[in-house]
Amino acid sequence: PFCSLHKKKTQLARAAPFLFSWWTAAPPSSQTRPRACKKSKMVHCYLAFKCKSMSYIYQINAGGIGLALVAAVKGYRCIIVLPEKMSMEKVDILRALGSEIVRTPASNFDSPESNVSVAQRLRYEIPNSHILDQYRNPGNPMAHYDTTAEEILEQCEGKVHMVVGGAGTGGTITGIGRKLKEKCPECKIVGVDPEGSIVALPSELNTAEDATMEVEGIGHDFIPTVLDRSVVDLWCKSNDADSFLMARRLIREEGLLCGGSSGSAMSIAVKAARTLTEGQRCVVILPDSVRNYMSKFLNDRWMGKNGFLKNVQEHKPWWWNVKVQKLNLSAPLLLVPEVNCQKAIEILKEKGYAQAPVVAESGHILGMVTPSNILSSVLAGNAQFSDPVIKVINDQFSKISLDDNLGNLSNILENDHFAIVVHDQMQSPATLCSSCMRDFSPSLSRVMDPLAIHPSPKPHAW
C-alpha cells in the first residue's frame, strides 16, 4: 500500500518537500518482492513441480523466503543457496520453514564458489531438481509490469512524475519502468545502485571497486538478465552509511519498519525529488522490512563497529568522545609472514606481548597471531612449529582510526579481545628487517601503521 509522510514538519519531509508518497512492498513473507511477484513465482514454482514431478527447489538469491513458504505448504524439499554476508535472521527463518541452507563465500558471480555456481552445480548433481532463477525468469519483471505498476498508477490516479527504486534482480524496476513509460511518458525512472556494484550506467559511475556492500538485496558484480537498464533515465550511487542511517530515520520518524535497501532508495529520493515542482509526485520503492536485520543496522553496536554510527550511547561517560589519538599508545610488535610458528612464540614471550599483527612487506595487515592460537593449531594437527606463522593467523579483527572516539573503541572491546588502530601515511612502505620482527615507530614510513589496543590492564597491553 501507499504511505504518505505523516509528519509534514519532520526533517525528512522538509528535506524533500515534493516527496509526497512512496510505495511499500509488504508481502506476507516481508521480503523484497511485492505480493504480485510472489504470486507469479509461486504459481510458476507449483506448475513446475506438478508438470515435471520435480522434488527439489534451488534458489540463488539473497532471500528465498517466498519459495520456502511454498515448499513448506506443499511438502517440497527446498534448498536455499545464499552468500555468507546475508543476515542470520534470514537463515533462521528459512530453517524454521524447513529449508536446507547452503552458505557460500562472498565472491564473484562466475567463481566456482559463488552462490550462482554452487546452485547450478547442485542442480546437475541432484535428479529432478529445478532452479527458479529470478535473475533470468521472465515472470519476474512481468509480474511487476502487470500488477505492481498498475497498482501504483491506480493509487496515484495516473499521475506519477518520478519513481525511485533499487536494482536487485532488476525485475521490479524493469517491470514498473516499462509500464510507466507507456502510461506516463513524462515519468522519470531513477535507479539506485550501491557503491561497489557495476549495475549503474554510465559505467564511469562504478569506480568504487574496493567499496564494501553491507546493504543486502541490491547491487551485483554482474548484470542480471531480466534487468532492462534502458528504462532507467538516471542512475545514482548509494552508500552503506547513508542507506542505514536513512532506514533508521524512516523507522524513527515515520514508523516504517523497513530494511537497508529501502534506506538506499530513500537516501537518493530525497535528493532527486528536489528537481520536481509543486504538485508533482515521487514514488519510492521500499522493498524490504526490518525483520531480517535486527542484529545488523538496527543494532547500535553493529553500526558503531562498522563505522556507520559515531555516537551510539545516549548517556555517555566523560571519556566517550575523546579521540583515540589522545591515548598514550605503545607501538606493537610486528611479525612478517615468513617467520615460523616456533620463532613467533619465542619472540612474543621474549618481548612480553600476548599477540602481534602479521604485516606484509607492503604494509597490509594480514591478521593477528597469539601463542594460544599457534598451540591450538599445532595440537589439532592443522600446523607444525616449522610452518610459517601466516598459516595460523586470525584474519578476523577490528580496525579503528586515530580520529575515532573511545566510545567506538569501547564497543569493539566488549565483543573482541583486541583492536588495531591504523593510520595512513603518504610515504612509501618501509621494508621489514631480516630479523622477522621489529618494534614500530611512527617516524618509520609505512602504508598503514598499526597500534595495538587491548582491554588488559597490563602496561604492555597498550
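1. In this predicted model, Ser 129 counts as buried because its relative accessibility is 1%, under the 20% cut-off for that class. The residue is found in strand β6, which spans residues 129-131. Its side chain reaches two backbone oxygens, that of Arg 123 at 2.8 Å and that of Ile 126, also at 2.8 Å.

2. Turning to the helix pairs, the axes of α11 (residues 341-351) and α12 (residues 371-379) come within 10 Å and cross at roughly 150 degrees. That angle makes α11 roughly antiparallel to α12, since angles over 145 degrees are assigned to that class. The crossing in which α11 passes α12 is left-handed.

3. On the α11 side of this pair, the residues that meet α12 are Cys 341, Ala 344, Ile 345 and Leu 348, and their counterparts in α12 are Pro 371, Ile 374 and Leu 375. By class, the contact of α11 with α12 has seven nonpolar residues, with no polar and no charged ones.

4. Helix α8 (residues 240-254) and helix α9 (residues 260-272) have axes that come within 7 Å and cross at roughly 95 degrees, and the two helices are therefore roughly perpendicular to each other. From α8 the contact draws on Asp 242, Ser 243, Phe 244, Met 246, Ala 247 and Leu 250, while α9 supplies Gly 260, Ser 262, Gly 263, Ser 264, Met 266, Ser 267, Val 270 and Lys 271. Sorted by class, the contact of α8 with α9 has six nonpolar, six polar and two charged residues.

Technical notes
Residues numbered from 1 in each chain as written. Predicted model: local features only at pLDDT ≥ 70, side-chain atom pairs only at ≥ 80, totals over all residues. Heavy atoms only, no water. Axes fitted to C-alpha atoms, helices over the stretch in contact; angles between N-to-C directions. Helix = DSSP H or I, 4+ residues; strand = E, 2+ residues; numbered from the N terminus. Parallel < 35°, antiparallel > 145°, perpendicular 65-115°, else oblique. Left-handed = near helix turned anticlockwise from the far one by under 90°. Contact = heavy atoms within 4.5 Å. Nonpolar A, V, L, I, M, F, W, Y, C, P; charged D, E, K, R; others polar. Buried < 20%, exposed > 50% of the residue type's maximum accessible area, 1.4 Å probe, protein only. Polar contact = N/O pair within 3.5 Å; in protein donor to acceptor, adjacent residues only side chain to side chain.
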